[in-house]
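Subject: Structure handover

Hi,

Here is the structure I promised you. Please open it and keep it in view while you read my notes.

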Amino acid sequence: MSDPSSTSPSSNEPSESIKRLLPWLVAVAFFMQSLDTTILNTAVPAIARAMDVTPLDMKAVLASYTLSLAVFIPISGWMADRFGTRRVFASAIGLFTLGSILCGLATSIEMLVACRVIQGAGGAMMMPVGRMTLARTFGKADLVRAMSFVAIPSLVGPMIGPVAGGLIVAYLHWSIVFFVNIPVGLVGLYFVRRYLPDYREEQTHRLDFLGLVLFGGGIALLSYVLEVFGENKLGMTEIFGLLGIAVALLAGYGIRARMTDFPLLDLGLFKLRTFRAAVSGGFFTRLGLGGIPFLFPLLYQIGLGFSPVQSGLLVLPQAIASIGLKTFMPAILARLGYRNVLVGNTIVVGIMIMSFATVGAHTPIWLIVLQAFILGFFTSMQYTSMNTLVYADVDASQTSGASTIAATGQQLAISFGVAGAGLIAAIFVPPSLHSHPDALIHGVQQSFLALGILTVVSSVVFMELRKDDGDAISQHDSQQHRAAHPESAEH
């Protein structure tokens, strides 16, 4: 009996049984990451009390993870090409699980931040390598359906996470929110080692280590400046000094990328219009959306006085709507095309984010639930559209680099989004009032307004797309042809 994970030596194509199983394998990793993030968000106030820090200080715990992702993701494509997708993906799940165990054992916020960095180093390999494996396995015509399917199990995490986090905090110890990753990680590790296709390049170039230092150092410093700005931890001279160093490091990387034949991030991909719009537009859109999971628990638990369980239930409609939309995404893209979807949908998402600035002590529960449901619906459409447009004009040899850049941009935006949301809230809420409900509600409302406006403005980036961009993936051209020639559809 043949090994089900083997590929044909002549075509190097996975068997049909592996193609059916592959989306589930990738979804396990996505589920772990989404569950970890959402289950932790609900527990933020409880962990803050346990470690004797203010809730706004906990943004370092969330931002350190996403920042670690952004620092280590750039080497994920090179490692997959060098060592094979199966080994790298399995190692990533193992490291992520180990980091989860260490987070649960942390006794201080500094230790927790350090362990989150370890967790992020593992998570950095999972998402881009998983998407790269899907892109190499499925043709462009099937990619939207495969990506949409993968997103459904990963969206179960946001649906389960907030409620599970609330129950754990209410009846168990906060450390359990990290330990729940252990059984999922072990199951995923087994199936990935056994069944994941093992793509690798016969020859790989040397890792651009200098580029990694310049890029990683630059974004780490930039994120740190965003975190401490407005907290009076450093003077303005020190802050602008660190900001100058961060800009210099990133500029140095830009020069380095043009001078070397094999840069850490292939910036030449930005010459592709669809790739440029998907990554740059996605970056600014995710800046707005990235801070939302951090703000919701603060608003619901501290501002409005809901319990952790009630707070988790208020986030649930957003995840339910996201899952419900995934089935219809291929048809929506085929009908409207990428340009129409991304321009219009980005504006709607921004307006829905701003709508939460109206939520206060007297807002009825049904209205909060409705707003969360609508936001989840359009956020899901936004993410699926941006994630698949990345590969519209990318050939097979560029898949690894495209996945790496796209994933790096996503995590950078989320990290900066959390830091920015915390910064805006801190500006409007004095340190002495961080636990005062009315003051916190006001600060969070200002954050929702700022993030929503930023999201609406980011729709401008998608306007550079042409109406037929991405048609090979969305099948929009086929839909238009059938509409123009209905007689051909009858044959």
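Tyr65 counts as buried because its relative accessibility is 3%; buried means under 20% relative accessible area, exposed over 50% and partly exposed in between, with a 1.4 Å probe and protein chains only. This is a predicted model: local features need pLDDT of at least 70, side-chain atom pairs count only at pLDDT 80 or more, and totals for chains, interfaces and linings use all residues. Residues are numbered from 1 along each chain as its sequence is written, and side-chain values use heavy atoms, leaving out hydrogens and water.

Phe96 is buried too, at 0%.

Now the rings. The structure holds twelve aromatic pairs. Rings of Phe, Tyr and Trp (its six-membered ring) pair if their centres lie within 6.5 Å; planes under 30 degrees apart are stacked, over 60 edge-to-face, the rest tilted.

Tyr65 and Phe96 form an edge-to-face pair, 6.3 Å centre to centre, with 70 degrees between the planes. This pair links distant parts of the chain: Tyr65 sits in helix 2 (residues 59–72) and Phe96 in helix 4 (residues 85–104), 31 residues apart. Helices are DSSP runs (H or I, at least four residues), and strands are too (E, at least two), numbered from the N terminus.

Why is the pair of Phe296 and Tyr300 stacked? Their ring centres are 5.3 Å apart and their planes are at 15 degrees, so the pair counts as stacked. Both lie in helix 12 (residues 292–303), four residues apart, about one turn of the helix.

Best wishes
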